[in-house]
Structures are given as C-alpha cells and as structure tokens.
Amino acid sequence: MLRPVAVLFSIFYSLQALALSAGQPLPELMIQDKGELTLDAQNDIVYVPWSTKNLDTKGEVQIIQYMAARPSAEKQIRPFTDRLEEAGFPEELIHVTTVVNLDDVTFGMSSWALSELEKNKREYATSAMVADMKGHGLQLWNLTAKSSALIVLGSDGNILYLKDGKLNKKEIESTLKLIDSEIAKRQQ
C-alpha cells in the first residue's frame with residue numbers, strides 16, 4: 001500500500017513532467033474549437049483547426065506567443081513584440097503565431113476579446129492568430145494563468161527559449177540575439 005506522501009509526490013512529479021523546458025520538443029497543441037483565424041475573399045473571418053505540428057521550423061524561426069485574453073497579458077508581451085518589430089528581421093525567415101486563451105478572460109468579456117482578435121486579424125492580415133477557446137495550451141504546456149508566455153523553436157522543433165511571464169529588458173535583448181542567430185543558420 002502506498003503512503004499518502006508517496007502518492008502526492010508521484011502526482012506532483014508527473015505534473016512537473018508536463019512543464020515545458022528548453023532543449024525539449026514542444027508538445028503538440030491541436031486546437032479544433034475556433035483555431036486559426038483566416039480571411040476569405042470577402043475579408044470575412046474563417047476559423048480553421050490549428051496545430052503546432054504544422055509549423056515550419058526548418059524554413060522559419062517559429063515564435064509562439066501564448067497569452068490570456070486580458071489587457072494585462074498583452075502588456076506583458078508588448079515590449080518584446082515592439083522590439084521584434086524594430087529589429088526588422090526578414091519576414092520570410094521568422095513566423096510569429098499569437099495564440100490567445102479565450103478561456104482565460106475577465107468575466108463577461110469573451111465576446112469582446114474574440115471581436116478584438118478578429119479586428120486585429122483584419123488589420124494584420126499576414127499575422128498568424130489562433131483562438132484557443134478552451135485554454136488547451138495553458139493546460140497542456142502547464143503555463144501560468146492570466147499571463148503570457150514566449151516560446152522560440154529551433155529548426156529541429158525543440159524549444160530554444162521559453163519565458164512564462166513578463167520578459168525584462170535583458171531577456172528581450174538576449175532573445176532577439178537568439179532569433180538573429182537562428183535566422184543566420186537558415187540563410188546558410
């Protein structure tokens with residue numbers, strides 16, 4: 001018979017094993033409910049299933065932003081996205097996917113958050129935006145609720161960089177250097 005402490009330890013250990021870590025493959029996230037926002041010929045939003053399995057890690061540096069549908073989460077990631085835009089990396093060699101957890105939204109604001117996501121897709125038509133209606137990414141990747149996370153993948157699909165929460169200036173700059181280094185590998 002297992003002791004209660006041993007059972008708790010084994011549960012805790014198995015939960016920790018699900019957490020993301022650098023150097024490891026990114027566990028596949030598949031979103032069927034809503035999914036990626038695309039535009040049809042009439043500029044109407046069409047949702048299609050989305051999976052991390054379809055990310056082209058060989059051709060492009062894949063950057064995934066996973067965030068709660070809250071202004072505070074967007075504020076956490078904004079300094080990085082601003083610097084990424086300023087860096088002026090070749091668009092054909094980086095691919096940014098923003099996955100918004102619409103299950104992690106201030107009460108009563110889910111319709112508004114989805115509407116804002118659709119508005120942003122129309123404004124930034126070439127950007128990859130994904131609606132995670134049930135918070136599958138938060139659960140699968142063991143991320144912090146009400147927050148944002150940044151993931152950079154290498155050409156092998158493994159995690160090169162992961163930050164769950166707000167990046168400081170040093171982390172932003174070192175991540176941009178990492179992305180620049182990965183771009184250089186793809187240009188060879």
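Visitor: Which residues touch the most other members of the largest nonpolar core?

Guide: In this predicted model, that core holds 30 residues, and Phe80, Leu84, Leu102 and Ile179 are the ones that touch the most other members. Two or more residues each come from β3, α2, β4, α3 (110–123), β5 (128–132), β6 and α5, with β3 giving the largest share, 5 residues.

Visitor: What does phenylalanine 80 touch, not counting residues up to four places away in sequence?

Guide: Phenylalanine 80 touches Ile63, Gln65, Leu150 and Leu167, and also Ile172, Thr175, Leu176 and Ile179. Of these, Ile172, Thr175, Leu176 and Ile179 are among the buried residues of α5.

Visitor: How should I read the buried residues of a helix such as α5?

Guide: The general idea is that an α-helix has 3.6 residues a turn, so residues three or four places apart point the same way. In α5, the buried residues are Glu171, Ile172, Thr175, Leu176, Ile179, Glu182, Ile183 and Arg186. They lie on the same side of α5 because they cover an arc of only 135° around the axis. These buried residues pack against β3 (61–69), α2 (71–87), β4 (94–105), β6 (148–153) and β7 (159–164), whereas the face turned away from the buried side carries the exposed residues Lys169, Lys170 and Lys177.

Visitor: How many residues does α5 have, and what caps its N-terminal end?

Guide: Helix α5 runs over residues 169–187, which is 19 residues, and reaches 27 Å from its first C-alpha to its last, close to the 27 Å expected. Its N-terminal end is capped by asparagine 168, a side-chain oxygen of which lies 3.1 Å from the backbone nitrogen of lysine 170.

Definitions and conventions:
Residues numbered from 1 in each chain as written. Predicted model: local features only at pLDDT ≥ 70, side-chain atom pairs only at ≥ 80, totals over all residues. Heavy atoms only, no water. Helix = DSSP H or I, 4+ residues; strand = E, 2+ residues; numbered from the N terminus. Expected span 1.5 Å × (residues − 1). Buried < 20%, exposed > 50% of the residue type's maximum accessible area, 1.4 Å probe, protein only. Arc of directions from axis to C-beta. Contact = heavy atoms within 4.5 Å. Polar contact = N/O pair within 3.5 Å; in protein donor to acceptor, adjacent residues only side chain to side chain. Core = buried A, V, L, I, M, F, W, Y, C linked by side-chain atoms within 4.5 Å.
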